[in-house]
Amino acid sequence: SLVQLGYGVHQKRIRATIASTTSNIAVDIASDKEETKNLLEAAEIPVPRGTVVRTAEGLQEAIEKYGYPLVIKPIDSNHGKGNTTNITNREQALKAFESAKIYSRSVIVEKFITGFDFRVLVINYKFICAALRTPASVTGDGVNTIQWLIDETNNDPRRGYGHEKVLTQITVDQSTEKMLNDKGYMLTTVPPNGELVLLKTTANLSTGGTSTDITDEVHPVNIFLAERIARIIGLDICGIDIMAADLHTPIYENGGAVLEVNAAPGFRMHIDPSEGLPRNAAEPVINMLFP
């Protein structure tokens, strides 16, 4: 995915959504969730309370300190891999700890913030757009099974494998089965008409999630906050994950928190959202590279 624009002294390179102007140190910081959190916390940005653990004993201490519900995730993974949210008992916590350990030696345990999952895109330290991300889900019709509804959803021509299309196919994995079991459901269950059945804990597009553009609703305080976060980390192309009730009030007021900062953020959810206005996320990158 390496693209070169121009030749000679004026050439610029892009790989995925990292540009030749992007700081290597900033990418490194963003890849380490704990380091990111420490920097943001020091700058008075609201982040969830939590700690890093490496052992089951450490996990127990964190549970006693922060209480349920919790989120457990690897310190350095992407696309929501190994993340488990809304953990409410020790058994779930141990399972989540094991699945996070697959991706990273160190694991973050933090307070589960309730709300909606938002992604804010900042390019060249300027706010560009924002999207509400909804996890992969199906809506019951009172007739068909969950498996049938998943297959039907996957027939959408906009859904492909990996990043080949606007949306990604929904796959059934351990986390999907756990979510269904928690509700007392199986893949053969027929959900009632109109019921939304969530199939993933994270709202990533790469796990089958959808996006709704909310750029015009974002409060100026949150815009300023997002631009400031990009400066603190030093990332010129920056995706910020915020969990909050909404973004049209300042997150300082509605109990929201900044969960993560992403280097090489996906543009699919902004360029071709499932609902709302498409945003041209590519143009500001070109304007930054060739002012």
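Reader: By class, how many residues in the lining of the second largest pocket are nonpolar, polar and charged?

Author: In this predicted model, the lining of the second largest pocket comprises 17 polar, 7 charged and 4 nonpolar residues. The volume of the second largest pocket is about 750 Å³. Its lining has 28 residues, and those closest to the centre are G82, N83, D173, Q174 and S175.

Reader: Which element gives the largest share of the lining of the second largest pocket?

Author: Helix α6 does, with 6 residues. At least two residues each are supplied by β6 (84-87), α4 and α6 (174-182).

Reader: Which residues line the largest cavity?

Author: The lining consists of K33, T36, K37 and L40, together with V258, L259, E260 and V261. Two or more residues come from each of α2 (33-42) and β16 (257-263). By class, the lining of the largest cavity has 4 nonpolar, 3 charged and 1 polar residues.

Reader: Let us turn to the helices. How is the packing of two helices described?

Author: Two packed helices are described by the angle between their axes and by the distance between those axes. Consider helix α1 (residues 24-31) and α2, whose axes are 5 Å apart and which pack at an angle of about 100°. The two helices α1 and α2 are therefore roughly perpendicular to each other.

Reader: Which residues of α1 and α2 make the contact?

Author: From α1 come I29, A30 and S31, and from α2 come K33, E35, T36 and L39. The contact of α1 with α2 has 3 nonpolar, 2 polar and 2 charged residues.

Reader: At roughly what angle do the axes of α2 and helix α7 cross?

Author: The axes of α2 and helix α7 (residues 220-233) cross at roughly 120° and come within 10 Å. That angle makes α2 oblique to α7. The crossing in which α2 passes α7 is right-handed. On the α2 side the contact is made by T36, L39 and L40, and on the α7 side by I229, I232 and I233. By class, the contact of α2 with α7 has 5 nonpolar residues, 1 polar residue and no charged residues.

Reader: Is the arrangement of α3 and α4 parallel or oblique?

Author: The axes of helix α3 (residues 56-66) and helix α4 (residues 90-101) cross at roughly 135° and come within 11 Å. That makes α3 oblique to α4. The crossing of α3 past α4 is right-handed. In α3, the residues A56, L59, Q60 and I63 meet R90, A93, L94 and F97 in α4. The residues of this contact of α3 with α4 comprise 6 nonpolar, 1 polar and 1 charged.

Reader: One matter remains, the backbone. Is the peptide bond from Y68 to P69 cis or trans?

Author: The peptide bond from Y68 to P69 is cis, and its omega is near -10°. Residue P69 is located in the loop between α3 and β5 (70-74).

Reader: What is phi of N124, and where is the place of N124?

Author: Phi of N124 is near 55°, which is a positive value in a residue other than glycine. N124 is placed in the loop between β8 (116-123) and β9 (126-134).

Terms used
Residues are numbered from 1 along each chain as its sequence is written. This is a predicted model: local features need pLDDT of at least 70, side-chain atom pairs count only at pLDDT 80 or more; totals for chains, interfaces and linings use all residues. Side-chain values use heavy atoms; hydrogens and water are left out. Axes are lines fitted to C-alpha atoms, for helices over the stretch in contact, and angles run from 0 to 180 degrees between N-to-C directions. Helices (H or I, at least four residues) and strands (E, at least two) are DSSP runs, numbered from the N terminus. Angles under 35 degrees count as roughly parallel, over 145 as roughly antiparallel, 65 to 115 as roughly perpendicular and the rest as oblique. A crossing is left-handed if the near helix is turned anticlockwise from the far one by less than a right angle, and right-handed if clockwise. Contact means heavy atoms within 4.5 Å. Ala, Val, Leu, Ile, Met, Phe, Trp, Tyr, Cys and Pro count as nonpolar, Asp, Glu, Lys and Arg as charged, and the others, Gly among them, as polar. On a 1 Å grid over the protein atoms alone, a cavity is a set of points where a 1.4 Å probe fits but cannot get out, and a pocket is an open set with protein on both sides within 12 Å along at least five of seven lines; lining residues have an atom within 4 Å of a point. Grid points are joined across faces, edges and corners, and a volume is the space filled by probe spheres set on the points.
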